[in-house]
Protein chains: 2
Amino acid sequence: MQKTAVIGIGQIKIGEHWDKSLREMAGEAALLALFDAGLNQVDGIFIGNMMAGSANKQVHLGAMIADWLNMPFMESVSIEAACGSGSAAFRNAVLAVASGQMESALVIGVEKMTDSPTLEITSSLATAADADLEVDMGVSFVALNALIMKRYMHEYHWQTSDFAAFSINAHANAVHNPYARFNKPITLKSFADSPMVCDPINLMDASSIGDGAAAVVICRSDWLSSSAPKIVVAASSAATDTISLQNRKDPLWLSAAEKSSREAYRQAGITPDEIGVFEYHDAFSIMAALSLEANGFCARGEAPRLANENEIAISGRIPVATKGGLKARGHPVGATGIYQIAEVVQQLRGEAGETQVKNNTIGMTQNIGGSGSSIVTHIFRRE
Amino acid sequence: MQKTAVIGIGQIKIGEHWDKSLREMAGEAALLALFDAGLNQVDGIFIGNMMAGSANKQVHLGAMIADWLNMPFMESVSIEAACGSGSAAFRNAVLAVASGQMESALVIGVEKMTDSPTLEITSSLATAADADLEVDMGVSFVALNALIMKRYMHEYHWQTSDFAAFSINAHANAVHNPYARFNKPITLKSFADSPMVCDPINLMDASSIGDGAAAVVICRSDWLSSSAPKIVVAASSAATDTISLQNRKDPLWLSAAEKSSREAYRQAGITPDEIGVFEYHDAFSIMAALSLEANGFCARGEAPRLANENEIAISGRIPVATKGGLKARGHPVGATGIYQIAEVVQQLRGEAGETQVKNNTIGMTQNIGGSGSSIVTHIFRRE
């Protein structure tokens with residue numbers, strides 16, 4: 001299997017982009033990544049997007065974006081795995097280069113979420129849950145996560161305030177990220193004072209949606225000089241779990257995360273403690289907690305302790321959300337996985353600025369679709 | 001690059017399946033394909049679907065269908081390239097097996113189109129066109145094709161009735177296909193008498209939508225005994241063109257089809273006249289004509305002559321739509337590409353019954369998204 005490397009990254013600031021269309025956002029991120037890679041051509045384009053079909057009345061982003069980039073006849077396709085779409089697109093691009101049929105690929109994650117009425121976006125987001133078994137009963141994603149969080153608090157005796165550390169860490173890191181949706185810190189008090197969204201999830205437990213686009217360029221790693229450092233894809237792995245939460249044997253365990261990360265550790269030949277930075281999928285603080293546990297960074301029910309003991313900070317044992325995570329960088333759903341990858345690449349290049357993790361050569365990203373139903377894990381190594 | 005082979009196919013009859021959900025249809029086709037392959041497990045699932053997000057309020061088909069198939073933790077993802085989604089999913093599966101990271105894969109094309117109001121489906125179909133430059137102006141897919149057909153008739157001096165031969169051939173073949181939406185022949189008179197949909201496209205120039213699901217199983221070809229005949233993927237290629245028709249330099253030439261098939265011929269090491277059967281994308285009879293020309297089966301403007309001289313019949317020079325094509329087998333958009341592949345496999349296995357093409361070892365499929373904007377071509381060979 002041909003090894004691949006990431007040679008270019010591009011991000012736009014996540015926010016409410018009233019002045020930019022879906023294709024303009026995607027194009028901007030793509031051009032930044034191509035410029036960073038020093039390429040003006042690739043062999044294929046892979047788009048990660050979840051909900052343009054319902055939210056923007058536009059599918060067929062592959063052809064649309066290749067056309068917009070003025071790359072005539074370029075192979076270009078969309079990949080969807082709910083909020084895990086970005087990383088799923090990246091994985092398919094990695095497999096395409098690994099096959100030998102492509103030598104390079106551009107992967108773009110894009111989502112435009114703030115042009116439509118809120119109710120329409122909540123309804124579009126709900127298409128990632130089970131339409132027949134969950135959404136028809138009136139459940140939304142925040143409600144599903146609230147059910148999980150309530151059960152977790154009951155089982156392991158944590159209070160709502162114990163989850164504040166995840167969000168405080170994310171916001172502290174986002175202060176220094178020019179692409180983040182929010183550049184302001186939060187405190188235990190502002191967490192406690194924030195309005196309840198769906199008990200026990202308050203506004204500061206929940207990530208923010210937004211318009212966003214990020215892109216990366218990959219190529220065969222043997223294209224690159226063996227003397228200069230390069231960022232290689234050391235592992236790529238995906239797994240699914242039941243789409244509906246009610247069919248999950250254990251709602252407090254992300255089995256697909258465990259399955260996917262174990263396979264990734266095996267491919268990379270490492271153990272979790274060798275990972276220097278972990279861009280996790282903190283769509284809600286309960287997801288941050290479950291991710292740390294299922295991926296082997298702490299024992300069951302112990303993640304809030306890890307967070308409260310500052311072990312997830314830049315100087316901690318397992319730095320997470322180093323650019324703000326979904327909570328503060330923002331969560332433009334289908335684009336999120338590519339932001340995570342771009343951020344790990346920044347870390348491994350030593351270009352992470354104020355939130356640079358020192359002496360680190362291995363980073364991991366994990367992108368989650370649905371309530372833990374589609375999980376895609378990647379490990380990157382500076383070689 | 002690891003060679004791949006198709007070892008299982010499954011199809012359900014295209015129609016109005018009021019009694020079956022999206023997952024039930026996909027599951028049925030998948031189980032038929034797995035049974036045909038003699039497997040109960042694969043390494044990954046690839047779903048081709050275009051519009052479940054808008055038409056069925058359901059994305060995340062990857063996790064949903066893996067769950068429904070009771071394949072715990074199975075990697076599973078959706079691929080979208082408008083009406084070319086089925087073949088795009090197949091291509092991504094082929095690349096995954098070619099990479100060596102998977103040894104086998106299940107590819108399912110599925111679309112549920114008849115549960116929703118007609119206007120909603122027309123609007124969902126239109127998401128494959130350019131939302132900003134085409135759909136906002138009120139144009140639908142049939143209108144785009146009518147514009148192309150009118151121009152074609154003007155340039156090459158053909159009459160509406162000259163296009164009847166494409167539809168008559170498709171319906172004649174569909175009579176013998178138990179999975180086809182329509183099992184009845186049509187005549188020049190019924191073609192001429194059919195109501196106008198969008199001048200010059202009448203009802204018999206247009207393919208029929210429907211609920212449908214088809215599946216194929218692929219594996220590394222070196223899994224198979226070298227003595228028994230096998231159906232290998234001899235070529236896989238994709239290309240795009242402008243998403244909007246107005247930006248196309250020449251609306252009468254499918255440049256992406258030319259690009260994609262030339263690359264496929266190169267990979268397979270053949271010329272067009274070696275192809276024994278061609279499952280083309282006859283969404284409208286004008287698309288049938290343009291496909292034959294761009295892929296090198298006749299000169300520009302000559303396709304209606306080919307059809308009227310019976311050269312596209314089972315006994316003709318280039319048999320097409322041998323199971324009814326999009327016109328009569330039906331066009332459940334995201335599933336169509338997989339029906340095409342299953343049909344070519346039936347032909348190469350010698351299991352095509354009444355419409356079997358004799359002495360044929362090479363077949364081609366071509367799946368088109370939008371008005372020629374995403375084109376995916378595959379060549380299969382019995383070895």
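Predicted model: local features only at pLDDT ≥ 70, side-chain atom pairs only at ≥ 80, totals over all residues.

I started at A:Ala5, which stands opposite A:Val232 in strand 8 of chain A. Strand 1 (residues 4-11) and strand 8 of chain A pair in the antiparallel sense over two bridges; I take strands as pairing if DSSP finds at least two bridges between them. Helices (H or I, at least four residues) and strands (E, at least two) are DSSP runs, numbered from the N terminus.

Residues are numbered from 1 along each chain as its sequence is written, chains are lettered from A and ligands numbered from 1 in the order in which they are written, and side-chain values use heavy atoms, with hydrogens and water left out.

**Strand 8, chain A**

Is strand 8 (residues 231-240) of chain A mostly covered or mostly open? Mostly covered: I find ten of its ten residues buried, buried being under 20% relative accessible area, exposed over 50% and partly exposed in between (1.4 Å probe, protein chains only). Strand 8 of chain A also runs antiparallel to strand 11 (residues 374-382) of chain A, joined by nine bridges. In that pairing I see A:Ser237 opposite A:Thr377.

**Strand 11, chain B**

Over in chain B I looked at strand 11 (residues 374-382). Seven of its nine residues are buried, so the rest of the structure largely encloses strand 11 of chain B. I checked its partners next. Strand 8 (residues 231-240) of chain B pairs with strand 11 of chain B antiparallel over nine bridges, with B:Ala238 opposite B:Val376. Strand 10 (residues 362-369) of chain B is also antiparallel to strand 11, through eight bridges, and there B:Thr365 stands opposite B:His378. Strands 10 and 11 of chain B form a hairpin with four residues between them, and B:Gly370 in the turn has a positive phi of about 70 degrees. Reminder on strands: side chains alternate between the two faces of the sheet in a regular strand.

**Helices in chain A**

Why do I call helix 7 (residues 164-174) of chain A largely enclosed by the rest of the structure? Because nine of the eleven residues of helix 7 are buried. Among them are A:Phe166, A:Asn169 and A:His171. The cover over the buried residues of helix 7 includes helix 8 (188-193), helix 10 (285-294), helix 11 (303-308) and helix 12 (325-328) of chain A.

Then the crossing of helix 4 (residues 85-99) and helix 13 (residues 333-349) of chain A: their axes come within 5 Å and cross at roughly 65 degrees. Axes here are lines fitted to C-alpha atoms, for helices over the stretch in contact, with angles from 0 to 180 degrees between N-to-C directions. A:Ser85, A:Gly86, A:Ser87 and A:Phe90 of helix 4 meet A:Gly334, A:Gly337, A:Ile338, A:Gln340 and A:Ile341 of helix 13, contact meaning heavy atoms within 4.5 Å.

**B:Leu252**

B:Leu252 sits in the loop between strand 8 and helix 9 (255-268) of chain B. Is B:Leu252 buried or exposed? Buried, at 4% relative accessible area. B:Tyr152 is 100 residues away from B:Leu252 in sequence, yet their C-alpha atoms are 6.6 Å apart. Leaving aside neighbours within four places in sequence, B:Leu252 has contacts including B:Ile148, B:Tyr156 and B:Leu290.

I logged a cis peptide bond between A:Asp199 and A:Pro200, with omega about 10 degrees. A:Pro200 is in the loop between strand 5 (196-198) and strand 6 (201-202) of chain A. In chain B, the bond from B:Asp199 to B:Pro200 is cis, with omega near 10 degrees.

Two non-glycine residues with positive phi went on the list. A:Lys57 is at about 55 degrees and is partly exposed at 46% relative accessibility. A:Asn310 is at about 65 degrees, lies in the loop between helix 11 and helix 12 of chain A, and counts as exposed at 53%.
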